[in-house]
Amino acid sequence: QDLLSLAALLPVLAEVQAGRTRRPCNVGRMARAWLRHGNARRALTLLEAHLPRLHIEDRLMLASLRQRQGDSEGARAVLEALAASGNHQAIERLAKHHEHVSRDLGAAADYAQRLPPSPERECRVQRVRRKQGLSRPLPLSFE
């Protein structure tokens with residue numbers, strides 16, 4: 001009976017992996033399995049095919065995979081959608097993105113301020129403020 005069940009399951013798994021099914025399945029677990037087997041590209045393709053149905057943690061994984069593939073704008077788009085719903089992990093990642101990648105310190109400060117109060121938040125806010133102060137041009141003196 002187990003062997004027959006496995007044989008019946010194979011076409012269903014192939015449909016899910018190819019993004020051609022509407023059956024309920026845990027896409028995030030399948031993507032993690034591809035990652036464990038060293039196939040990040042396949043995990044990314046799977047997550048993108050099922051984007052509207054992804055849970056929050058799967059969307060965060062999608063953003064990470066896009067970032068790893070060099071698509072920082074695609075990662076940012078996923079994170080912004082999550083941040084709009086108040087997801088603190090997405091807000092923190094966007095603060096880091098704007099501080100280190102896009103170098104938009106104003107946006108980095110805005111996202112950092114949206115994080116819940118904590119010592120880490122205060123450290124991030126102070127660091128961005130220091131950078132903002134250093135990024136201002138020094139006044140020229142001709143004396």
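Modeller: I shall begin with the term "pocket". The search runs on a 1 Å grid over the protein atoms alone; a cavity is a set of points where a 1.4 Å probe fits but cannot get out, whereas a pocket is an open set with protein on both sides within 12 Å along at least five of seven lines. A residue belongs to the lining if it has an atom within 4 Å of a point. Rolling a probe the size of a water molecule over the atoms shows where empty space is left.

The model is predicted, so local features need pLDDT of at least 70 and side-chain atom pairs count only at pLDDT 80 or more, while totals for chains, interfaces and linings use all residues. Residues are numbered from 1 along each chain as its sequence is written, and side-chain values use heavy atoms, with hydrogens and water left out.

The largest pocket has a volume of about 180 Å³; a volume is the space filled by probe spheres set on the points, and grid points are joined across faces, edges and corners. Its lining consists of Ala-63, Ser-64, Gln-67, Ser-72, Ala-75, Arg-76, Leu-79, Arg-93, Leu-94, Lys-96, His-97 and Val-101. Helices here are DSSP runs (H or I, at least four residues), numbered from the N terminus. Sorted by class, the lining holds 5 nonpolar, 4 polar and 3 charged residues. In this sorting Ala, Val, Leu, Ile, Met, Phe, Trp, Tyr, Cys and Pro are nonpolar, Asp, Glu, Lys and Arg are charged, and the others, Gly among them, are polar.

Val-101, one of the lining residues, is found in the loop between α6 and α7 (105-114). With 45% relative accessibility, Val-101 counts as partly exposed; buried means under 20% relative accessible area, exposed over 50%, and partly exposed in between (1.4 Å probe, protein chains only). Val-101 and Ser-72 are 29 residues apart along the chain, and their C-alpha atoms are separated by 8.3 Å.

Arg-76 pairs with Glu-80, with the closest N and O atoms 2.7 Å apart. Because Glu-80 and Arg-76 are 4 residues apart in helix α5, about one helical turn separates them. Arg-76 is partly exposed at 22% relative accessibility, and Glu-80 is partly exposed at 29%.

Lys-96 forms a salt bridge with Glu-92, the closest N and O atoms being 3.8 Å apart. Both lie in helix α6, 4 residues apart, which is about one turn of the helix. Lys-96 is partly exposed at 36% relative accessibility, and Glu-92 is partly exposed with a relative accessible area of 31%.

Glu-99 forms a salt bridge with Arg-124, their closest N and O atoms lying 3.1 Å apart. Glu-99 lies in helix α6 and Arg-124 in helix α8 (residues 119-135), so this pair ties together parts that are 25 residues apart in sequence. Glu-99 is buried at 1% relative accessibility, and Arg-124 is buried at 10%. Salt bridges that share partners join Glu-99, Arg-124, Arg-127 and Lys-131 into one network.

How values were computed
A salt bridge is a side-chain nitrogen of Lys or Arg within 4 Å of a carboxyl oxygen of Asp or Glu. Helices (H or I, at least four residues) and strands (E, at least two) are DSSP runs, numbered from the N terminus.
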